[in-house]
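Thank you all for coming.

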Amino acid sequence: MNVQVKYRIGKSIGFQALVILLSAACVVPLIFILIYIIQAGITKINWHFLTNLPKPVGETGGGIANALLGSTIIILVASVIAIPFGILCGIYLSENKNSKLAYWSRLCIDILQGIPSIVIGIVAYFWLVKPLGGFSALSGSVALAIMMLPIVVRSTEETLLLLPDSLREAAFALGMPFHRVILKVLIPCGISGILSGVMLSIARITGETAPLLFTAFGNPYLSTNVLKPMQSLPLLIFNYATSPYNEWHDLAWGASCILLIWVLSLNIFTKLITRKWKVQL
Amino acid sequence: MESLVKNDLITRPDISSGRVIKSVNTPDTLSTTKRLKRSHRHIRAENVFRRILIIVGWATVVLVAGIMVTLIFQSTLSIKASGFGYLWGKTWDPVRDIFGVYPFLLGTLLTSFLALLISIPFSFAVAIFLGEYYPTGWVSNLLKNTVELIAAVPSVIYGFWGLAVLVPIVRSFESKIGVEPVGLGIFTSSLILAIMIVPYAASLGRSMIQMVPSTLKEAAYSLGATRWEVIRSVVLPYTKSGMFAGIMLSLGRALGETMAVTMVIGNTSLIPKNIFAPGNTMASVIANEFTEADHPVYLSALIELGLVLFVVTVLINMVGKRLIKGFSKE
């Protein structure tokens, strides 16, 4: 082999090594973050932490019960708003691929996906907080529902488009009306895709803080009234992490650990079920 | 109704097509009346369902139009008060009603492009690793899923981690190279953002690289090209527009990112002197000052900032999406 060929082969191997190195380096920060958060947070989590309210500054102890309950309520209300709406919109887009309205609707969904979360917070503030006369969990839920919408719509549309046409034609041939073909045949067949979209969207909004800053606002007490301010996990982490008090930092580490485990397990679970159901399909 | 039944045959009008359909009347079929009633009910339900679908389709359009109208309407006060000076004004002083967002524009552009610069080698490496070198196997599966999880971690957690871990590291680095050791600042935010945006360009790039026709690559190999030469002169040129779209999507994400940046950027309204200085981005200003805005012009100025952010990110995302669409059609 002459020198030039050796040089070219060496260059090729060198590039491959560089690619492998850089790819491996991408994983490092995630692992660091996971280890750090879990190390800092896991020791703070116990029964007392999960069931008590945060203590005022200067007292040790206290928990994050209000944030856990608040997050759950806000996410539930957001899901109730966004999931039916998103699935129906996905059905419309997949059934009317070429209509003019579908084009505009698809464009709007694309725009929605790109809007920064803080801007959605501003809009929710003017739509709900101002007219209702105060910060409320409901306005936070609406903001989060707007963020969920594109993911649910897209996953529904794509799943329904993937189903073979023969399925739909067979159902129509049996004389089934349109709505039953969709609700009783197509949706059950594509449920794994739709469900994974729904779960991913829930995972995404669980960690969202920015839209809640001027809507749900946060609340140091336990609250179940959706028309009043409510605490949520990411808000609590933001408020306590940027405070100068060590006791509050401890609470924030515990809350971060719970939030991280919550979001990541939702993601991993989604991957597992879609993989399992894809095999069956 | 009885007259419709003739010799074991039911003739029933098919309402959707207007024709009459004949079918064999087996003993267990429903009586004609019931059947007619049921098909009427079905058709009514069908129409209601179709109407609901159309309403939902319109609702998305109305939603986005509403968001735009709200932003524009609420920022008119500031547009009237500051005019074009708003974008180039160098001072942001709410107490004296001077609203110039140049420092925040600069802060946003600096953090986003610096983050992009740091993240591109990594995201391209992941894309090439998964798309070209190791498309299958457990290692690539693991890498793919891990990189996707990077996007799943909430931004507030990145911010908190950055505050606790990255800020001290950057501070000691800054004192070594001789700039004012603050720790908080544009450089730290860029580092955090770079970690956060790697998955976007990486996953898009991977799917683009996998779409390169193998005949093209094989032709290059048969001419004696090495693997690196195939990647450089076949794979990368072919996926150019797709890779660019990935970068655009990452940029859109970086521009709009709020929480992680707000927590580590230092939050001052001064023009940053260098990349290690503290600053502010458009999103972080809104996050910090929105609930403190005590008079209408101040609030309106913040909303105009949101409007600018909205327009810029939407444009960037649209360009990215168009590029992807164009690429997949090829």
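This is a predicted model: local features need pLDDT of at least 70, side-chain atom pairs count only at pLDDT 80 or more; totals for chains, interfaces and linings use all residues.

Let me begin with Val80(A), which counts as exposed because it has 12 C-beta neighbours inside 10 Å. The terms here are that a residue is buried if 20 or more other C-beta atoms lie within 10 Å of its own, exposed if 12 or fewer, and partly exposed in between, with C-beta atoms placed from the backbone. Residues are numbered from 1 along each chain as its sequence is written, and chains are lettered from A and ligands numbered from 1 in the order in which they are written.

Val80(A) is found in helix 3 of chain A, where helices (H or I, at least four residues) are DSSP runs numbered from the N terminus.

Two packed helices are described by the angle between their axes and the distance between the axes. The axes of helix 3 (residues 65–95) of chain A and helix 1 (residues 32–82) of chain B come within 9 Å and cross at roughly 105 degrees, the axes being lines fitted to C-alpha atoms over the stretch in contact, with angles that run from 0 to 180 degrees between N-to-C directions. That makes helix 3 of chain A roughly perpendicular to helix 1 of chain B, since angles under 35 degrees count as roughly parallel, over 145 as roughly antiparallel, 65 to 115 as roughly perpendicular and the rest as oblique.

Which residues of the two helices meet? From helix 3 of chain A they include Phe85(A), Leu88(A) and Tyr92(A), and from helix 1 of chain B they include Ile52(B), Val56(B) and Thr60(B); contact requires C-beta atoms, placed from the backbone, to lie within 7 Å. The residues of this contact divide into 8 nonpolar, 2 polar and no charged, where Ala, Val, Leu, Ile, Met, Phe, Trp, Tyr, Cys and Pro count as nonpolar, Asp, Glu, Lys and Arg as charged, and the others, Gly among them, as polar.

Turning to chain B, an automatic or database domain assignment divides it into domain 1 (2–70) and domain 2 (85–329), whose C-alpha centres lie 51 Å apart.

Phe217(A) has phi near 70 degrees, a positive value in a residue other than glycine; Phe217(A) lies in the loop between helix 9 (191–206) and helix 10 of chain A, and is buried, with 21 other C-beta atoms within 10 Å. Asn267(B), not a glycine either, has a positive phi of about 50 degrees, and with 20 C-beta neighbours inside 10 Å Asn267(B) counts as buried.
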